[in-house]
Amino acid sequence: MSKLIYRSFSVSPTLALDTKVKELQAQGLEVINLSLGEPDFATPDKIKLAAIKAIKNGYTHYTPTAGIKQLREAIARKLAKENHLNYRPSEIVVCVGSKQALFHAFFVLSRPGDEVLLATPTWNTYVEQIKIVGAKPVFIPLKPPFKLKAAQVAKKISSKTKVLLLNSPANPTGAVIDRSELKKIAQLAVRNNLSVISDEIYEKLVYSGQFFSIASLNEKIKQRTVTINGFSKSFAMTGWRVGFAAGPTKIIEAMIALQSQTTSNTSSISQWAALSALDNNDQSVEKMKTEFKKRKDFVIAELSKIKEISFSPPEGAFYVFVHLEKDLKKDYPSSEKWCQELLAKKKVAVVPGEAFFCPGFFRLSFASSLKVLNEGLSRLKDFLSENLKH
Ligand code: PLP
């Protein structure tokens with residue numbers, strides 16, 4: 001029999017770890033999961049009710065590929081009000097999560113062999129998506145506190161560079177790019193004829209420093225930027241799968257055409273829910289943010305007491321990226337092995353730095369309750385002090 005030929009791809013390491021945690025939990029083990037990239041809050045009630053109403057009203061069919069007009073108009077209003085970005089609804093496409101928006105943006109903006117610049121540590125999905133579309137990811141390696149500087153970008157630009165990916169606040173470091181650097185990065189992009197994809201999914205979760213959309217700096221950079229955002233993180237809507245991209249008409253038209261041949265629209269019901277999220281949920285966003293800040297402060301205070309590790313306090317998002325300074329050399333040769341041992345011995349899940357192209361670290365998510373965080377951190381401390389004795 002002839003062999004089946006097929007293409008294979010790497011599974012998202014965070015999703016793979018989550019599957020493992022769920023397996024252990026199904027065996028009745030009490031696993032503390034600090035690996036999650038999603039808020040533990042319930043989607044606010046008003047949003048849920050809007051979805052129920054959409055079903056009752058019969059909004060259960062295909063919508064325009066780019067999304068319902070009302071939602072695109074609401075996104076345009078949000079971008080104008082919160083991000084100082086003026087887009088017509090026709091310059092916006094609603095996608096199946098921001099993940100799909102990113103994939104379509106990479107697909108449209110790069111060709112096989114083109115180079116896409118991105119800073120590491122970075123979210124694994126960017127790298128895989130860039131490879132899937134045939135382009136080449138080129139890393140800009142950052143050191144703590146992981147704040148991207150224009151000079152670092154400049155060093156990596158080649159004649160093949162076509163796209164610069166920005167993610168601020170960043171996953172997994174929580175770092176926010178300073179406005180002064182954003183301005184210089186924008187100048188570089190214009191001068192070198194680069195497209196910019198700006199993933200702004202954590203924009204609402206900024207605790208210190210200030211968030212700016214690069215496209216809002218001036219018209220020249222706006223003309224070459226695709227701004228990506230979504231509802232998953234800000235509104236605790238990960239399962240609803242709504243994200244969007246805003247950018248120059250021709251690029252957005254190409255993304256819509258691509259989407260028309262892949263998924264068509266995202267769920268009609270989710271779109272009505274997302275509309276209600278934008279219309280009247282400022283308070284729930286603020287409440288979640290206040291809670292995240294409390295958790296961040298708690299986690300930072302507790303981690304600061306541990307001398308075997310170091311970290312830069314995150315300015316945004318809901319992760320701390322922790323350096324395993326002293327512990328690695330002793331018992332575990334890699335952060336991946338270290339994280340496996342932590343899970344095996346103490347039933348605490350965190351994501352190893354290898355998943356973010358930055359070995360020697362782990363990512364701890366504080367998108368869990370204070371009680372869960374407290375238990376997780378105390379198990380982590382036990383693990384470290386047991387390692388010291390070996
Ligand atoms: N961008 C970043 C930086 C993320 O961390 C994630 C999810 O973890 C996403 C995008 C994807 O979010 P969505 O649920 O909108 O696809």
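Which residues touch the most other members of the largest nonpolar core? They are L148, V153, L164, L166, I185 and I214, within a core of 35 residues, where a nonpolar core is a set of buried Ala, Val, Leu, Ile, Met, Phe, Trp, Tyr and Cys residues joined through side-chain atoms within 4.5 Å. This is a predicted model, in which local features need pLDDT of at least 70 and side-chain atom pairs count only at pLDDT 80 or more, while totals for chains, interfaces and linings use all residues. Residues are numbered from 1 along each chain as its sequence is written, and side-chain values use heavy atoms, with hydrogens and water left out.

**Overall fold**

- The protein chain contains 14 helices and 13 strands, taken as DSSP runs numbered from the N terminus (helices H or I, at least four residues; strands E, at least two).
- Because a compact globule of 390 residues would have a radius of gyration near 21 Å, the 21 Å of the protein chain agrees with that expectation; the radius is taken over C-alpha atoms, and the globule rule is 2.2 Å times the number of residues to the power 0.38.
- The C-alpha trace spans about 60 × 60 × 55 Å along its principal axes.
- Of the 390 residues, 56% count as buried, a term that means under 20% relative accessible area, with exposed set at over 50% and partly exposed in between (1.4 Å probe, protein chains only).
- Among contacts with a separation of 6 or more, 74% join residues 24 or more positions apart, contact meaning heavy atoms within 4.5 Å.

- V153 is in contact with L117, I140, L148, L164, I185 and L188, leaving aside its neighbours within four places in sequence.
- A second, separate core has 34 residues, including F292, I309, A317 and V322.

**Two buried positions**

- T122 lies in the loop between β3 and α5 (124–132) and is buried, with a relative accessible area of 3%.
- Not counting residues up to four places away in sequence, T122 touches V127, N171, P172, A355, F356 and F357.
- A50 lies in helix α2 (residues 45–56) and is buried, with a relative accessible area of 17%.
- With residues up to four places away in sequence not counted, A50 touches W272, A273 and S276.
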